[in-house]
Amino acid sequence: MGEHTTSIFAEMSTLAAEVGAINLGQGFPDTDGPQALKDVAIAAITDGRGNQYPPPNGLPLLRAAIAEHQRRFYGLDVDPDTEVVVGTGASEVIQSALMSLVDEDDEVVVFEPWFDIYAAGISLARGRRVGVPMNGPGLRPDLDALRAAITPRTRLILLNSPHNPTGIVFTPAELAEVARIAIDNDLLVLSDEAYEHLWFEGHQHTPIATLPGMWERTVTVGSGGKTFSFTGWKVGWATGPVELIAAVRVVRQHLSYVSSGPFQHAMAFGLSLPDEYFTDFRADLATKRDLLSAGLADLGFRIIPTEGTYFVSTDVSGFGYVDGLAFCRDLPRRTGVVAIPHQVFCDDPSIGAPFVRWAFCKRTTVLDEALDRLRAGLA
């Protein structure tokens with residue numbers, strides 16, 4: 001685990017605090033989600049419903065809401081009693097899935113750049129990480145490379161769409177090919193869909209579990225923190241077939257055991273919000289995406305159009321830097337703004353070398369100020 005002792009997020013957040021920089025590196029909103037969810041959490045505390053241990057697999061109320069969410073948005077028939085597990089954020093559920101489904105020396109194929117907890121989780125499971133690039137001018141998944149990466153030791157494909165950090169959403173054709181490869185090789189799929197409701201026009205998210213032959217081999221992960229802008233509440237979940245969720249449950253109960261009692265009540269309420277909440281949420285983020293993307297383009301960055309998540313990726317090679325890591329380490333002192341380089345999320349640093357991720361889930365006044373600082377510092 002030595003390679004995971006440091007985190008680029010900790011490094012950049014420390015640097016941001018040190019120099020008073022605007023932190024567009026870490027992906028958390030700077031405004032709260034719906035007041036109605038706060039009210040439900042407060043009521044659960046006040047009337048004593050949320051102050052003691054909830055059931056290890058999650059409140060029945062929340063598990064039922066998750067199952068209904070999967071039916072409502074995706075047409076999936078999920079049993080809340082046996083095919084849902086709730087955890088301390090999507091992160092814990094992902095780690096639990098890796099530790100329960102991957103044995104020592106099993107290969108886990110993951111698209112790179114990947115989110116950093118994937119690498120740590122695979123190491124904790126004593127598996128072997130096999131990277132497949134997101135490449136080309138649009139940072140699309142290299143499906144030929146995915147096919148070539150499969151060996152007799154491959155156990156699982158770790159999929160993330162909408163994808164962090166690139167901001168792309170896998171197309172139906174790309175998902176169909178991933179599914180074909182998984183079925184042909186009898187592989188499991190761990191599908192991190194934390195940003196499932198953060199997709200933009202023309203790029204609607206499709207869970208891979210909805211494709212023929214995929215439900216029975218897929219664990220799908222969701223995030224209340226990302227969906228409702230309460231990342232500090234740490235409520236996530238997974239759905240999937242009985243035997244896979246049973247395995248995830250066994251590991252997860254030995255990590256945090258239980259957590260987030262009052263917030264589980266709130267998330268159950270949130271999942272029942274009308275469609276307008278989800279469309280308005282995307283519309284607000286789209287406005288912020290367009291503001292930051294246009295400003296960065298005006299400064300001379302090549303933009304990778306954001307299809308989902310709340311990140312925009314740019315190519316920084318036009319600014320005289322050999323890689324994004326050097327750029328990001330200079331940026332806070334040079335401009336008073338923090339971003340995150342792709343290359344630290346790649347086994348092959350050349351894949352992510354020119355690219356940097358910026359978070360736009362901030363108030364528009366903060367984004368305007370960040371752009372002003374960049375204009376002054378990069379001039």
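Q: How many cavities of 30 Å³ or more does the structure hold?
A: Keep in mind that this is a predicted model. With the cut-off set at 30 Å³ or more, the count of cavities comes to two.

Q: Which residues lie nearest the centre of the largest cavity?
A: This cavity holds about 50 Å³ of space. Its lining splits into five nonpolar, seven polar and one charged residues. Of the 13 lining residues, those nearest the centre are Val86, Arg252, Val258, Ser259 and Gln264.

Q: Which element gives the most to the lining of the second largest cavity?
A: About 40 Å³ of space sits in the second largest cavity, and its lining is made up of Gln70, Glu193, Glu196, Thr220, Val221, Gly222, Trp237 and Thr239. Two elements give two or more residues each: strand 8 (218–223) and strand 9 (236–239). The top contributor, with three residues, is strand 8.

Q: What classes make up the lining of the second largest cavity?
A: The lining includes Glu193, Trp237 and Thr239. Sorted by class, the whole set comes to two nonpolar, four polar and two charged residues.

Q: Is helix 11 roughly parallel or roughly antiparallel to helix 14?
A: Helix 11 (residues 275–298) and helix 14 (residues 364–378) have axes 10 Å apart and pack at an angle of about 5 degrees. Angles under 35 degrees count as roughly parallel, so helix 11 is to helix 14 roughly parallel.

Q: How do the residues of the contact of helix 11 with helix 14 divide by class?
A: Helix 11 brings Lys288, Leu291, Leu292, Gly295 and Leu296, while helix 14 brings Thr364, Leu367, Asp368, Leu371 and Leu374. They divide into six nonpolar, two polar and two charged.

How values were computed:
Residues numbered from 1 in each chain as written. Predicted model: local features only at pLDDT ≥ 70, side-chain atom pairs only at ≥ 80, totals over all residues. Heavy atoms only, no water. 1 Å grid on protein atoms, 1.4 Å probe; cavity = no way out; pocket = protein on both sides within 12 Å on 5 of 7 lines; lining within 4 Å. Points joined across faces, edges and corners; volume = space filled by probe spheres on them. Nonpolar A, V, L, I, M, F, W, Y, C, P; charged D, E, K, R; others polar. Helix = DSSP H or I, 4+ residues; strand = E, 2+ residues; numbered from the N terminus. Axes fitted to C-alpha atoms, helices over the stretch in contact; angles between N-to-C directions. Parallel < 35°, antiparallel > 145°, perpendicular 65-115°, else oblique. Contact = heavy atoms within 4.5 Å.
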